[in-house]
Amino acid sequence: MNDSVNLAALSPFEVLLDYERRSLAHGAGAPERIDAPGLWRGIGFRIGERYLASSLAEVTEILAMPTLAPVPGTQSWLLGVANVRGNLIALVDLRQFLTGARSLLFETSRVLVVRQHGGSVGLLVDEVLGQRNFSPEQAIPPLVLDHDDANYARYVVENYALGDAQWGQFSMAALVRASDFTRAAA
């Protein structure tokens, strides 16, 4: 769901109303079950209309969009490199890598930092939705959304129903091992 609002055109009160609306739309859900067998926990995020979650162990950090230095001669989905506390990380537009369509930057846009062989990589996503918990009872067969499903399916290892949305369990480990991802040179 793409509910992006031009916050600059709103009054401070309208901005607060928008925050409240978005907060209520992403309610906490059921209470956390600490010792529930089979419970899977992940960091929820959104790319366009898709709701995805990656293992807590795979995402090392969540950042606001850093300042980038472009890298000539690379794929268009490699946005550049950023200096994060003295470490250079490559920043990838995850939507563009998966679908070819460039992400738009919003106030909700975030970068998920993931470890890969030789360092870390940042993945630009539309929004981070916090921790999500899924049980085996919530597992569902994947719904066909559009022609980009095959691109996402390479990295989605399970699908879950949570509220009105289908969530894909997105494997960052599979992504960073994919040969087309590791070959960022144009």
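**Reading rings, contacts and strands**

Me: Phenylalanine 97 is buried, with a relative accessible area of 12%. What does buried mean?

Reply: Buried means under 20% relative accessible area, exposed means over 50%, and partly exposed lies in between (1.4 Å probe, protein chains only). Phenylalanine 181, at 4%, also counts as buried. This is a predicted model, in which local features need pLDDT of at least 70 and side-chain atom pairs pLDDT 80 or more, while totals for chains, interfaces and linings use all residues. Residues are numbered from 1 along each chain as its sequence is written, and side-chain values use heavy atoms, leaving out hydrogens and water.

Me: How are the rings of phenylalanine 97 and phenylalanine 181 arranged?

Reply: Rings of Phe, Tyr and Trp (its six-membered ring) pair if their centres lie within 6.5 Å; planes under 30 degrees apart are stacked, over 60 edge-to-face, and the rest tilted. Here the centres are 5.2 Å apart and the planes stand at 90 degrees, so the pair is edge-to-face. Phenylalanine 97 lies in helix α2 (residues 94-99) and phenylalanine 181 in helix α5 (residues 179-182), 84 residues apart. Helices (H or I, at least four residues) and strands (E, at least two) are DSSP runs, numbered from the N terminus.

Me: How many aromatic pairs does the whole structure hold?

Reply: The search finds ten. One of them joins tryptophan 40 and tyrosine 160, stacked at 6.4 Å centre to centre with 15 degrees between the planes. Tryptophan 40 is in strand β1 (residues 40-47) and tyrosine 160 in strand β9 (residues 156-162), so this pair ties together parts 120 residues apart in sequence. Both residues are buried.

Me: Which residue does the side chain of arginine 95 make a polar contact with?

Reply: A polar contact is a pair of N or O atoms within 3.5 Å; within protein, one must be able to donate a hydrogen and the other to accept it, and residues adjacent in sequence count only if both atoms are side-chain atoms. The partner is the side chain of aspartate 126, at 2.3 Å. Arginine 95 lies in helix α2 and, at 17% relative accessibility, counts as buried.
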